[in-house]
Every structure is written in structure tokens, then in C-alpha cells.
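Q: Hi! Could you walk me through this one? I have a few quick things to ask.

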Amino acid sequence: MIAPRVLIPRDEIKKTVLRLAREIRRDLSGTNPLFICILKGSVVFAADLVRAVNMPLELDFLCLSSYGCGTETSGRVKMRLGIRQSLVGRHVVVLEDIVDTGLTVNYLMAYLKRKRPAGLRLCALLDKPSRRRVPVDIDYLGLTVPDRFIVGYGIDWNQNYRYLPDICYIEDEGNG
Ligand code: PRP
């Protein structure tokens, strides 16, 4: 592996987060929505987004994982921490860092829908549509990325690189 290269610099991430925040505020202002951050990858995005939205809301966390140590999804989504509170009548916004195959979000939206929220929306900072295995509707989309292995701004490779302030990509030396 070689050093990560910048794909989306921090200034562009900031502008994108502000735009998403405006869209969410326009739609959900006054509803005291519940934002659900999907750990671990979405934690940096969620921390910035809730401050940019800057209106009354609640924040909760769900922990899902399917990639383990590799760069390919295992295809099996594991729930490591679920939601304990009632979602009945709540306006829920799921915060995802990246939608890749779509398996994680597909599993997650079905799980949350069973809890009968008043509204269920998906906000994804990044979308990698070239790898999609199942269809996904993204209500608030940040940016579309090419089929590269993305790291940084919360996103890992083998638990590394989450701390990078820019969104970067890594590739094998042979391809780079
Ligand atoms: C990553 C990412 C998304 C998911 C997207 O999570 O944070 O949740 O994969 O991939 P998919 O669309 O192919 O399902 P990961 O399973 O690596 O766990 P992490 O968030 O703890 O890094």
C-alpha cells in the first residue's frame, strides 16, 4: 500500500456538509428529529453535520459492520449495538459516511422501518454507485465518488486512517 492521496479536500467536505445541513433544516425544522449515526465510520461526519444543522434534534448511535479487516464486504451485516429507544412517531435521519454495495443501508433501513417511525430518511456523505448490489434511495446525498478504496474523515482501511481530515483513496502500488 502507498500513502493515501487526497480525493476530496477538507474545504469541499465542509461546503458539502453545510449544504446537507441546509436541506435537512428546510425539511425537518420544528420536528425534533432523531439523527442516527452509524458507527464507526459516520462519527466524524455526524459530529460536523449536527453542528451545521444547528436546530433542536436528538442524536443516537447504531453500530454495524460488514467489512471486518478487508477491502471487500463480507456480505453479512453484523449489528453490534442496536437502538433501545422507541422510534414510533419520530422523524429519523440515518447518517452514513458511504454507501457502497448498499447492503449495510438496506439492512439498516429495514430494521428501522420495523420500529414504525413517522419518517425515515437517509443522509449519506458519499455514494459509490458503481459497486451497488442492492438499490438504495438516498434522500440527502453529499458527493459521488469513483470506485476507489476511500479512507479518511472517519472511514477506515483495517481500522486505520479514520483520523485523516480529507477524504482520500488508497490503492495497491501496482495500480498507483
Ligand atoms: C462501512 C461504511 C458503511 C458501509 C458501506 O462500514 O461505514 O457503513 O461500510 O458499505 P456497503 O454499502 O457495501 O454495505 P464498515 O462495515 O467498514 O464498518 P465501520 O463503519 O465500523 O468502518
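A: Happy to. One term to begin with: buried means under 20% relative accessible area, exposed means over 50%, and partly exposed is in between. Also, please keep in mind that this is a predicted model.

Q: Good. With that cut-off, is Tyr153 buried or exposed?
A: Tyr153 has a relative accessible area of 6%, so it is buried. Its place is the loop between β8 (149–151) and β9 (167–170).

Q: And what is the phi of Tyr153?
A: Positive, about 50°, although Tyr153 is not a glycine. Most residues other than glycine have a negative phi.

Q: OK, on to the helices. How many residues does α1 have, and what span should they give?
A: Helix α1 covers residues 10–28, which is 19 residues, and at 1.5 Å a residue they should span 27 Å. The end C-alpha atoms of α1 are 26 Å apart, which agrees.

Q: Which residues of α1 are buried?
A: Ile13, Thr16, Val17, Leu20, Ala21, Glu23, Ile24 and Leu28. Looking down the axis of α1, these buried residues fall within an arc of 165°, so they line one face of the helix.

Q: What is exposed on the other side of α1?
A: Asp11, Lys14, Lys15 and Arg26 are exposed there. Just after α1 comes Gly30, with a positive phi of about 85°.

Q: Let's zoom in on Leu20. What does it touch?
A: Leaving out residues up to four places away in sequence, Leu20 touches Phe45, Leu49, Cys123, Leu125, Tyr140, Leu141 and Gly142. Leu20 counts as buried because its relative accessibility is 0%.

Q: How far apart are Leu20 and Val53?
A: In sequence they are 33 residues apart, and in space 8.3 Å, C-alpha to C-alpha.

Q: Which residues are buried in α2, then?
A: In α2 the buried residues are Phe45, Ala46, Leu49, Val50, Ala52 and Val53. They cover an arc of only 160° around the axis, so they are on the same side of α2.

Q: What do the buried residues of α2 pack against?
A: Against α1, β2, β3, β5 and β6. As for what follows α2, that is Asn54, whose phi is positive, near 50°.

Q: Where does Val43 come in?
A: Val43 lies in helix α2, residues 43–53. Val43 counts as partly exposed because its relative accessibility is 38%. On the surface, Val43 forms a nonpolar patch with Leu59, Phe61 and Leu81, and together they have about 290 Å² of accessible area.

Q: Last topic: which residues of α3 are buried?
A: Helix α3 runs over residues 103–113, and its buried residues are Leu103, Thr104, Val105, Leu108, Met109, Tyr111 and Leu112.

Q: And what covers the buried residues of α3?
A: The cover includes β2 (34–39), β3 (58–65), β4 (78–81), β5 (91–99) and β6 (119–127).

Notes
Residues are numbered from 1 along each chain as its sequence is written. This is a predicted model: local features need pLDDT of at least 70, side-chain atom pairs count only at pLDDT 80 or more; totals for chains, interfaces and linings use all residues. Side-chain values use heavy atoms; hydrogens and water are left out. Buried means under 20% relative accessible area, exposed over 50%, partly exposed in between (1.4 Å probe, protein chains only). Helices (H or I, at least four residues) and strands (E, at least two) are DSSP runs, numbered from the N terminus. Contact means heavy atoms within 4.5 Å. Patches are made of residues with over 30% relative accessible area and no salt bridge: like charges are joined within 9 Å, nonpolar side chains (Val, Leu, Ile, Met, Phe, Trp, Tyr) within 5 Å. Accessible areas come from the Shrake-Rupley method with a 1.4 Å probe; for residues, only the protein chains shown count as cover. A salt bridge is a side-chain nitrogen of Lys or Arg within 4 Å of a carboxyl oxygen of Asp or Glu. The expected span of a helix is 1.5 Å times one less than its number of residues. The arc is that of the directions from the helix axis to the C-beta atoms.
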